[in-house]
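Got the model loaded and a selection box ready? Let's take a walk through it, stop by stop.

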Amino acid sequence: ELNPDVRGAHRVARVSDLVSKEPQFIRQHSLVVAAQVDPQTLQQLGELCWAANLPLVVCRTYGLLGSVRLQIRSLDIVESKSENKLWDLRLREPFPELDRMTDALDLDSLDDHAHAHVPWVLLLAKAAKNWRAQHNGASPSTRDEKEEFRKLIAAGARQLASNVPELNFEEAAREAHRAWADPRELPYEAQQAFDHARDVAKKARRGSDASASGDAPPSVEQLCLRAVDAFRTENNGLPPLSGPIPDMHADTNSFVALQRLYRDKALSDLTAVQVHFSTLIKDAFSRAPSQEDLQLLSLVCKHVGDVRHVSTKSLADELVAPNLAEVAFEGLMEIDEPKLKPQAPVCWYAGLRAVDRFYVKQGRYPGLDESSLAADASLLADELRAFVQEAGAAEAMNEALADAHAQELSRFGAAELHAVASVVGGVASQEAVKVIARQYEPVDHTYVFNGIAGVGGVVAV
């Protein structure tokens with residue numbers, strides 16, 4: 001069933017007419033999806049979307065080939081959902097409430113059942129505090145010290161009468177690295193997002209005009225990051241606590257108490273961040289934060305280590321200076337079988353670029369007329385060699401690229417196959433949802449599907 005909250009509308013018009021005569025029609029949207037648009041019109045559309053900081057998803061099917069190109073000038077992803085889950089436990093820099101709970105824990109006085117169900121977070125917090133007390137406030141840093149710390153954790157386990165190992169101590173030893181993890185150090189990609197928000201703020205303070213300087217105006221996401229940054233400055237570099245804790249072997253009462261402890265501290269930090277956020281929203285938009293703004297801020301505080309700033313190369317920059325040589329070298333090096341190299345996505349990307357060059361010069365796609373198939377293939381091969389040469393990738397692609405690519409592209413005759421279109425549509429819709437929902441990282445920046453070999457890959461030129 002369709003979502004009843006979704007409303008649709010349509011309009012029949014040429015894309016070229018909308019771009020040249022009604023650019024405001026395009027600017028009113030939050031995302032533009034362009035399918036099967038000719039190269040010249042696409043460049044104009046790309047420039048319009050880039051100037052308006054409007055994400056553009058370009059879909060294309062061409063015979064057995066398909067591609068999805070994202071053009072994003074500035075986009076802040078709140079939940080990148082990285083594969084490595086980041087747990088903000090503050091074992092190296094415990095907050096007062098965690099310190100008090102740790103001090104109240106007397107392991108020696110516990111019976112065997114309670115001892116075997118102490119949450120491993122508290123075991124690590126207590127061991128880490130004792131270690132720092134014996135090492136002038138320093139956490140384990142060298143390999144030997146870290147191994148010694150793990151042994152101390154394992155040695156704390158009791159030999160139970162049932163001969164069942166204490167799983168909480170095994171978990172603590174396995175998660176020991178969290179005891180010396182510095183909560184101030186964010187993942188590189190997250191720190192880049194904060195740096196970008198800070199740069200935008202600096203330019204705004206200098207009174208530079210965002211549209212004239214080529215920088216997008218600050219978004220609510222960027223104001224969230226700036227509010228979090230202000231909190232970090234006030235708290236010796238520590239970000240607001242995220243709140244969630246991982247599942248662990250523990251009794252219900254202990255786990256719920258620990259869970260509540262982290263949740264309450266996270267809410268306290270969020271309240272402090274909201275003070276900065278309210279000021280930034282008022283300065284930027286002359287209003288108080290809306291409920292949606294506050295919900296977004298809550299998400300940012302909860303996923304500080306997962307925020308990302310995404311910015312791809314524009315269509316115009318790609319046309320002038322594609323980074324083809326480096327991408328081709330890396331992409332072809334990953335393929336061991338020499339006979340498979342011609343089917344690499346980067347080769348077909350180059351072929352599609354040659355097709356666009358052919359279209360611009362001839363006003364049509366190659367192979368539309370069967371009688372001129374051989375001649376078109378020859379002209380297309382010339383365009384392919386010229387493009388690769390101009391991009392400085394002739395040497396990197398010398399063994400993989402051949403006239404056979406041009407011949408195959410000419411045989412396609414710009415045909416649109418439903419099977420390829422379904423793949424392209426699926427990838428494009430997935431990327432569109434990422435952009436709209438600000439979740440997961442979109443591709444950077446062109447995905448190429450090769451239906452001949454049944455392979456696909458990202459070509460970041």
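**Stop 1: the cavity**

Search the whole structure and you find 1 cavity of 30 Å³ or more. On a 1 Å grid over the protein atoms alone, a cavity is a set of points where a 1.4 Å probe fits but cannot get out; a pocket is an open set with protein on both sides within 12 Å along at least five of seven lines, and lining residues have an atom within 4 Å of a point. Grid points are joined across faces, edges and corners, and a volume is the space filled by probe spheres set on the points.

Before going on, two notes on what you're looking at. This is a predicted model, where local features need pLDDT of at least 70 and side-chain atom pairs count only at pLDDT 80 or more, while totals for chains, interfaces and linings use all residues. Residues are numbered from 1 along each chain as its sequence is written, and side-chain values use heavy atoms, with hydrogens and water left out.

Now select Asp76, Ile77, Val78, Ala193, Glu221, Leu225, Val300, Val307 and Arg308, which line the largest cavity. Strand S4 (75–77) and helix H11 (220–234) each supply at least two residues of the lining. Helices (H or I, at least four residues) and strands (E, at least two) are DSSP runs, numbered from the N terminus.

**Stop 2**

Of its 15 residues, 11 are buried, so the helix is largely enclosed by the rest of the structure. Buried means under 20% relative accessible area, exposed over 50%, and partly exposed in between (1.4 Å probe, protein chains only). Among the buried ones are Glu221, Leu225, Asp229 and Arg232. The end C-alpha atoms of H11 are 21 Å apart, which agrees with the 21 Å its 15 residues should span at 1.5 Å a residue; the expected span is 1.5 Å times one less than the number of residues.

Next, pick asparagine 236, in the loop between H11 and helix H12 (252–285). Its phi is near 55°, a positive value in a residue other than glycine. Is asparagine 236 buried or exposed? At 58% relative accessibility, it counts as exposed.

**Stop 3: the largest pocket**

Move to the largest pocket, with about 750 Å³ of space. It has 33 lining residues, and the closest to its centre are Pro39, Arg60, Leu352, Arg353 and Asp356. Elements giving two or more residues to this lining include helix H3 (39–51), strand S2 (56–62), helix H16 (345–362), helix H17 (373–390) and strand S6 (446–450). Which one gives the most? That's H16, with 7 residues. The lining divides into 18 nonpolar, 6 polar and 9 charged residues.

**Stop 4: H3, end to end**

Select H3 next. At its start, a side-chain oxygen of aspartate 38 reaches to within 3.2 Å of the backbone nitrogen of glutamine 40. Pro39, Leu42, Leu45 and Cys49 are among the buried residues of H3.

**Stop 5: the S6–S7 hairpin**

Jump to S6, which pairs with strand S7 (residues 455–459) in the antiparallel sense over 5 bridges (two strands pair if DSSP finds at least two bridges between them). The hairpin leaves 4 residues between the strands, and glycine 454 in the turn has a positive phi of about 70°. Back up to histidine 445, in the loop between helix H19 (418–437) and S6. The peptide bond from aspartate 444 to histidine 445 is cis, with omega near -10°. Most residues other than glycine have a negative phi, and most peptide bonds are trans.

**Last stop: zoom out**

Show the whole chain: 19 helices and 7 strands, with 45% of the 461 residues buried. The C-alpha atoms fill a box of roughly 90 × 60 × 50 Å along the principal axes.

How values were computed:
Nonpolar A, V, L, I, M, F, W, Y, C, P; charged D, E, K, R; others polar. Polar contact = N/O pair within 3.5 Å; in protein donor to acceptor, adjacent residues only side chain to side chain.
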